[in-house]
Amino acid sequence: MNIAIALPEIFLTIAICLSLLIEPFLPTDKRRLISYLLIQTCLIITTLLVINTFPADKAWGLNNLYVRDDLGSLLKISILLVTMLAFVYARQYLQEKGLWKNEFFILILFSVLGMLVIASANHLLLIYLGLELLALALYALVAFSRDDSRATEAAMKYFVLGAIASGMLLYGISILYGITRGQLELSAIASYLSTQEVLNNIPLLFALVFIVGGIAFKFGTVPFHMWAPDVYQGAPTAVTLFLASVPKLAAFAMLMRVLGESLGAAQSGWSQLLLVMGLLSVTVGNLLAIAQFNLKRMLAYSTIAHMGFVLLAAMTGTLEGYSAGLFYTIIYALTSVGSFAILILLSHQGLDAETLNDLKGLNERYPWYAFLMLLLLFSMAGIPPMVGFYAKFSVIQAMLNTGYLWPAVFVVLMSVVGAFYYLRAIKMMYFDQPEKHPPQITYPMDFQIALTANGLLVLFLGLLPTGLIELCTQALVASLP
């Protein structure tokens, strides 16, 4: 059984249950702070448990349902660290909006537990279990502001489309179960497919289409992108901050476990799907983002474009491509959570900062925060020396090394087009005057420290990117079959 390899997930499950049991017995005036500290503590301990086993030899447990390897550990550490950042950013916003309920943090912990399960799953049904645990918690989080009709509408759209995507994924898994004669363990499926002619196996191609569609929905890529702009705009900003960053790491974990490990032998079947979806995502995301003046919708379309890069990296089916995709996803999660933190910072008196006009004159009022936003937007645009440049460069280099010349050139052109809406936001921060004078921003010291570290880390990793790139490559070398 080797239960010890699932120790972080077991601890987190116990911590969630204890938090639910302890919270009603806390004094009313202390309930918020104590419960917040309890939840942060359990995240820190879970992170330490994961770090304690990284790097480590690949090991299996729970009757081969679970695997501990460097890829899973790196993704888990990233998920937990970005979640802690999201908690720090969300605290003040929830208090000002009257949304502080411990259920918010519990739901996020449930979604984090689902992501950790996906990162270490060695069985398709366990991946599906983790995915549903993640998805159900996110549906509730999007509708967390129950008096807001936009949040309710966004949650319904997300739920309906998410249910369809889950059904597609499960249908693909069921076809795969049939053609592999009852195999759902990743390594068993991989060994079976290694003996098959993929392009001549029609049932297998059908299974690939449905499975890739389910994975693409979690990334929010074309043609499964319709939910992203509405959900990003309708959900409370604290929820959007989490939704736009951490689940992308889980989506990459699912992509690697299912496509990279289990269906790696069928790469000739799914690589063309990823190529088409990746190119469409980069195109649609960047072009439609130009027309947006709502910041959350603009960042939603930006996300679609960025996730297109991740699909194009995975499409190559090489170690270099997978490493570039992992590096890109981690950097995107770090950059995205910081960008939405700036929107939380600019929200005041119960009003959300949602339009580009809210950025006007930010440099005159708060030059340091404007500088941090400049770093984050430069990174998203792929402008050196920000780390986003190296993330895009590594993906394009992986495409060129596998012979995808014209897609690489097309992606570069789309990146130049996409730089427009980032530069427009920067221009408004530094050269435009605000339409009205908002009140003074006062945020806790932990928020300011976390945001400063977040922004400067994007610059630091841009100046010294090789360490993280090598870490991603080593994790994949040790984990891939």
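**Terms and values**

Biologist: Why is Leu-21 called exposed?

Modeller: Exposed means over 50% relative accessible area, buried under 20% and partly exposed in between (1.4 Å probe, protein chains only); Leu-21 has 56%, so Leu-21 is exposed. This is a predicted model, in which local features need pLDDT of at least 70, side-chain atom pairs count only at pLDDT 80 or more, and totals for chains, interfaces and linings use all residues. Residues are numbered from 1 along each chain as its sequence is written, and side-chain values use heavy atoms, with hydrogens and water left out.

Biologist: Where does Leu-21 lie?

Modeller: Leu-21 lies in helix H1; helices are DSSP runs (H or I, at least four residues), numbered from the N terminus.

Biologist: Why is Ser-323 called buried?

Modeller: Its relative accessibility is 6%, so Ser-323 counts as buried. Ser-323 belongs to helix H14, residues 319-346.

Biologist: What joins the side chains of Ser-323 and Thr-473?

Modeller: A polar contact of 2.8 Å joins them. The term requires a pair of N or O atoms within 3.5 Å; within protein, one must be able to donate a hydrogen and the other to accept it, and residues adjacent in sequence count only if both atoms are side-chain atoms.

Biologist: What makes H14 largely enclosed by the rest of the structure?

Modeller: Of its 28 residues, 26 are buried, so H14 is largely enclosed.

Biologist: What span does H14 reach from its first C-alpha to its last?

Modeller: H14 reaches 41 Å, close to the 40 Å expected at 1.5 Å a residue; the expected span is 1.5 Å times one less than the number of residues.

Technical notes:
Helix = DSSP H or I, 4+ residues; strand = E, 2+ residues; numbered from the N terminus.
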